[in-house]
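Subject: Structure handover

Hello,

Here is the structure for your files. My notes on helix packing and salt bridges follow below it.

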Amino acid sequence: MHELSITQSIVDSVVDRLPGRRVTLVALDVGKLSGVEPEALRFCFELVAAGTDLDGAALVIAEPPGRAHCADCGSDFELDTRILLCDCGSADVRVRSGHELLIRSVEVA
């Protein structure tokens, strides 16, 4: 489960940036195509944050969809899975977004 190491990196990053500050909320963007499971992050966050300045902080996760462009028909479309097929049947698509894993914001007390 790579979400545990990702969560540890998130907590470490916030603690390093805000030493000694009590964090009440961490907001993340986890793209639908990132390969990261939001529910696993939520589970790991509580464990990893325990005993740190993030202990008890809320974790809010937005899941932006993937976006792609089809080279054959020229359409832009949304992707919710890693199956890279346009509605026209073409697999000649370029992913433009959806791989995000970003700390969007942090709230402190």
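A salt bridge here is a side-chain nitrogen of Lys or Arg within 4 Å of a carboxyl oxygen of Asp or Glu. The structure holds four of them.

Some ground rules. This is a predicted model, where local features need pLDDT of at least 70 and side-chain atom pairs count only at pLDDT 80 or more, while totals for chains, interfaces and linings use all residues. Residues are numbered from 1 along each chain as its sequence is written, and side-chain values use heavy atoms, leaving out hydrogens and water.

**Salt bridges**

Glu-63 pairs with Lys-32 at 4.0 Å, N to O. Glu-63 sits in the loop between strands S2 and S3 and Lys-32 in the loop between S1 and H2, so the pair ties together parts 31 residues apart in sequence. (Helices are DSSP runs of H or I, at least four residues; strands are runs of E, at least two; both are numbered from the N terminus.)

Glu-39 and Arg-42 meet at 2.8 Å, N to O. Both lie in helix H2, three residues apart, about one turn of the helix. Glu-39 is exposed, at 57% relative accessibility. Arg-42 is partly exposed, at 29%. (Buried is under 20% relative accessible area, exposed over 50%, partly exposed in between, with a 1.4 Å probe and protein chains only.)

**Helix H1**

H1 covers residues 3-17. Its buried residues are Glu-3, Ile-6, Thr-7, Ile-10, Val-11 and Val-14.

Best wishes

Technical notes. Expected span 1.5 Å × (residues − 1).
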